[in-house]
Amino acid sequence: MKLENERLCVEISAVGAELTRIYDKKRGFELLWEADPAYWNRHSPILFPNVGKTYHNTVRINGTQYPTSQHGFARDNQFKCISAKGKEASFLFVSNDETIEVYPFDFELAVTYTLEKKMLHVKWEVKNPGEEVMYFTIGGHPAFRFAGENEGKADYILQFPGQDSLDYILIDMKEAAADPSKVYKLDLSRECCPLSEEMFERDALIFDGGQIKEVWLCRKDGSPYVGMKCDGFPNFGIWSVKNAPFVCLEPWMGRCDDVGFTGEISEKPNINKVAPGEVFEQSYTIIAGE
């Protein structure tokens, strides 16, 4: 599926309803990572019904343990295009016998992409057609590639408008879970910090508490390359692979488990819940720089 206006050309795959291309026609830049398997073979997967990993790859629902996979199963399933008109397209994935085996809830997950000038709006809707409250986390994982063929992290900075500093936690690599026992401070100079390879030695930087409402990937001279607005997200991740020419800016509604979490899914911090017949909605926006 292709959406296009005077500024952007966007392509979306039916598999995972995943963005596979954002091309900036004005500047001649491919903004989205091309999924080179040498580093990471995805572009912008949708994380559902779990963001990251659950502790020991299991989740407890109504007293029963179920196996989970990292970032959930939506990203690997076929969505149906249910609407395509002008500069907007919507995709739908519905629970089935296979999903019920590992996630015992009925659901309808709709994803809508809308082009508006230099912006791409991404909207999620999770409907509960079942008879019990459903619980889940959901997140975005877009990877933005660097513009120049030989550019690396040292050629870019991150800007967080209105912020003086941010607090983050890291992954306990042995436990493959978040470690909230130690909080780190990301000091900013004029709202900015440099990107570096060292930032990602312990996987993603995890920002809790709804700290990030807007973030920009900028050139070293401060010129904006690509940005994101994501008001209302309690969690946010920033991630990359060693020596890879991209960085992921990830708005999350909920996140991976903390080390040692073995409670019910309903007890998980920042869990989303939807009553029978109700619909959860959230959205974020990707913005091309000037």
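Strands are DSSP runs (E) of at least two residues, numbered from the N terminus. The exercises below apply this to a predicted model.

**Exercise 1. Determine which strand holds Tyr 284, and whether Tyr 284 is buried or exposed.**

Solution. 
Step 1. Tyr 284 falls within residues 279–288, the range of strand β25.
Step 2. A residue is called buried when its relative accessible area is under 20%.
Step 3. The relative accessibility of Tyr 284 is 4%, and therefore Tyr 284 counts as buried.
Step 4. The contacts of Tyr 284, leaving out residues up to four places away in sequence, include Ser 44, His 121, Trp 124, Met 228, Cys 230, Phe 233 and Pro 251.

**Exercise 2. Classify the aromatic pairs Tyr 168–Tyr 184 and Phe 233–Tyr 284, and locate their members in the chain.**

Solution. 
Step 1. In the whole structure, a search finds 25 aromatic pairs.
Step 2. For Tyr 168 and Tyr 184, the centres are 5.5 Å apart and the planes make an angle of 20°. Planes under 30 degrees apart count as stacked, and this pair is accordingly stacked.
Step 3. Tyr 168 belongs to strand β16 (residues 165–172) and Tyr 184 to strand β17 (residues 177–187), so the pair ties together parts 16 residues apart in sequence.
Step 4. Tyr 168 has 14% relative accessibility and therefore counts as buried.
Step 5. For Phe 233 and Tyr 284, the distance is 6.4 Å centre to centre and the angle between the planes is 80°. An angle over 60 degrees counts as edge-to-face, which is the class of this pair.
Step 6. Phe 233 sits in the loop between β21 (224–229) and β22 (235–239), while Tyr 284 is in strand β25; the pair links distant parts of the chain, 51 residues apart.
Step 7. Both Phe 233 and Tyr 284 are buried.

Key. Residues numbered from 1 in each chain as written. Predicted model: local features only at pLDDT ≥ 70, side-chain atom pairs only at ≥ 80, totals over all residues. Heavy atoms only, no water. Helix = DSSP H or I, 4+ residues; strand = E, 2+ residues; numbered from the N terminus. Buried < 20%, exposed > 50% of the residue type's maximum accessible area, 1.4 Å probe, protein only. Contact = heavy atoms within 4.5 Å. Phe/Tyr/Trp six-rings, centres within 6.5 Å; stacked < 30°, edge-to-face > 60°.
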